[in-house]
Amino acid sequence: MDEPIRQGRVVQTSPGSVPAYKRYLDEMPGVSIQDVWTDIKPIGAQAAERLGYPTQKPESLLERIISASSNEGDIILDPFCGCGTTIAVAERLKRQWIGIDITYVAINLVQRRLRDHFASELNDYRVIGAPKDLKGAEALKDINRYQFEWWVVDLVDARPAKGRKKGADEGVDGYIYSFDDKIEEAKKIVVQVKSGHVGVRDVRDLREQWTERRRR
């Protein structure tokens with residue numbers, strides 16, 4: 001005990017207390033890197049990055065993963081890209097990227113997210129698999145009319161209606177938000193997609209459905 005005491009390695013906070021041995025971090029092996037990260041919090045209800053997508057991950061989580069496992073210019077692949085968190089972070093960190101998803105709701109969100117985050121700084125990218133002409137649009141309508149609706153909603157730069165589910169036509173498929181400078185008021189334009197002939201009755205029904213939804 002005398003030698004550690006002479007070295008100042010024995011600490012006794014008060015007379016009669018149990019002595020403690022002083023150790024320094026650089027003398028210890030340390031703790032192995034853990035695979036559980038508790039310092040990254042989930043996306044809160046009021047978080048600015050929240051998009052309402054059910055499986056959305058925090059950007060800080062993907063930033064850590066991408067930064068630790070790649071360098072600038074590397075290619076990042078997300079085969080289930082959802083609302084595009086991986087893609088947005090990869091773009092910000094100057095990585096190339098490939099995102100894959102089967103729904104046009106996801107494609108709509110990813111493209112909108114890229115436009116909102118990067119604007120004119122966004123690098124060129126291609127959407128592969130989306131209809132390029134009338135024949136392709138008709139084919140998509142025949143395969144899955146819901147995916148066709150979501151694709152059209154994106155074409156007119158609208159946001160998909162929240163809570164839109166498969167089933168009977170609910171009337172409103174998306175919204176376009178605009179601002180009227182004359183009256184300084186934000187306006188919401190409702191979007192309904194029809195794959196056939198549209199008549200006066202369709203417009204009247206949409207108006208009634210929209211009015212009823214606002215009342216609820």
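**Exercise 1.** Which pattern does the chain follow, read along the sequence?

Solution. The model is predicted; local features need pLDDT of at least 70, side-chain atom pairs count only at pLDDT 80 or more, and totals for chains, interfaces and linings use all residues. Residues are numbered from 1 along each chain as its sequence is written, and side-chain values use heavy atoms, without hydrogens and water. Step one: take helices (DSSP runs of H or I, at least four residues) and strands (E, at least two), numbered from the N terminus. Step two: list them in order, which gives α-β-β-α-β-α-β-α-α-α-β-β-β-α. The chain has seven helices and seven strands.

**Exercise 2.** Work out why the chain is described as more spread out than a compact globule.

Solution. Start from the globule rule, 2.2 Å times the number of residues to the power 0.38, and a radius of gyration taken over C-alpha atoms. For 216 residues the rule gives 17 Å, but the radius of gyration is 28 Å, so the chain is more spread out than a compact globule. Then look at the C-alpha trace: along its principal axes it spans about 100 × 40 × 40 Å.

**Exercise 3.** Find the buried residues of helix α2 and state what covers them.

Solution. Buried means under 20% relative accessible area (1.4 Å probe, protein chains only). In α2, residues 59–69, the buried residues are Glu 59, Leu 62 and Ile 66. They cover an arc of only 65° around the axis, taken from the directions to the C-beta atoms, so they lie on the same side of α2. Their cover includes β3 (75–78), α3 (85–92) and α4 (104–118), with contact meaning heavy atoms within 4.5 Å.

Notes. Buried < 20%, exposed > 50% of the residue type's maximum accessible area, 1.4 Å probe, protein only.
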